[in-house]
Structure formats: C-alpha cells, structure tokens
Amino acid sequence: MKELIFHFVNQYALWGILIFTGISMLLLWRVLSQQKRLNRSLGLIVGNIQAYFDVILKEEPEELPAREVRREERFLTGEEREPVRMRGREQTPEEEEVFQAVMQEFFS
C-alpha cells in the first residue's frame, strides 16, 4: 500500500505543484488588481477631501453681528477694534498651515 501511494505521489507531484502554482498566481493577480482599484479610489477620496478642506479654509471668517462683540473688544472704540480683528486674521494662515500639515500626515 505504501508503495502504491509513493508511486502515485511521485508520478503526479509535478502536476500538482504546477496546478497549485497556477491557482496561486491567479489569486495573487486578482488581489493585486483589487488593490490597484482600491488605491485609485482612495486617491480620489483623499483628493476630494483635500479640495473640500481647501475651500473651507479659504473662506473668509464671518463678521460678528453688531450686537455680538468679543469680550476683548467690548470696551474698545471702533478704531481700537480693528487691530484686534487684524491680529485674529493674521493667525489664520499659520493655523491653516498647521491644519494642512496635520491633514497631509493623516491622509498620507
């Protein structure tokens, strides 16, 4: 019985290896093609998210209504309020760069 099994394995081992190699190659090809499609779609998603954040960050901040005044601006005159508002606007590009760097790190 052992001789019969060894003879069978010896005779068909090469064909078995070739068949399993072919099947594994087909499965590997399929996985790689799916990965390529996923990478492409994820690239589109990241691009869309980046464009969305660019639009959000480029919008001007809304002006406060006349009756809503920040605490620091409450006792200032109109001329004194302008530098305080400008100071807030000067900080937004720095914050935008930090935010862009964080988003790039997150989505890279």
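A charged surface patch, as used here, joins residues of like charge within 9 Å of each other, provided each has over 30% relative accessible area and no salt bridge. Keep that in mind for the first selection, and remember as you go that the model is predicted.

**Stop 1: the positive patch.** Select Arg30, Lys36, Arg37 and Arg40, and show their side chains: together they form a positive surface patch. Now centre on Lys36, which sits in helix H1, spanning residues 2–58. Is Lys36 buried or exposed? Its relative accessible area is 56%, so Lys36 counts as exposed, the cut-off for that class being over 50%.

**Stop 2: the whole chain.** Zoom out and switch to a cartoon view. How much of the chain counts as buried? Of its 108 residues, 5% do.

**Stop 3: an aromatic pair.** A search of the whole structure turns up 2 aromatic pairs. For one of them, select Phe8 and Tyr12: the ring centres are 4.9 Å apart and the planes meet at 50 degrees, so this pair is tilted. Both residues belong to helix H1, and because they are 4 residues apart there, about one helical turn separates them. Colour the two by accessibility as well. Phe8 is exposed at 51% relative accessible area, while Tyr12, at 41%, is partly exposed.

Stop 4: With a relative accessibility of 48%, Leu42 counts as partly exposed.

Methods: Residues are numbered from 1 along each chain as its sequence is written. This is a predicted model: local features need pLDDT of at least 70, side-chain atom pairs count only at pLDDT 80 or more; totals for chains, interfaces and linings use all residues. Side-chain values use heavy atoms; hydrogens and water are left out. Patches are made of residues with over 30% relative accessible area and no salt bridge: like charges are joined within 9 Å, nonpolar side chains (Val, Leu, Ile, Met, Phe, Trp, Tyr) within 5 Å. Accessible areas come from the Shrake-Rupley method with a 1.4 Å probe; for residues, only the protein chains shown count as cover. A salt bridge is a side-chain nitrogen of Lys or Arg within 4 Å of a carboxyl oxygen of Asp or Glu. Lys and Arg count as positive and Asp and Glu as negative; His and the chain ends are not counted. The place of a charge is taken as NZ of Lys, CZ of Arg, CG of Asp or CD of Glu. Helices (H or I, at least four residues) and strands (E, at least two) are DSSP runs, numbered from the N terminus. Buried means under 20% relative accessible area, exposed over 50%, partly exposed in between (1.4 Å probe, protein chains only). Rings of Phe, Tyr and Trp (its six-membered ring) pair if their centres lie within 6.5 Å; planes under 30 degrees apart count as stacked, over 60 as edge-to-face and the rest as tilted.
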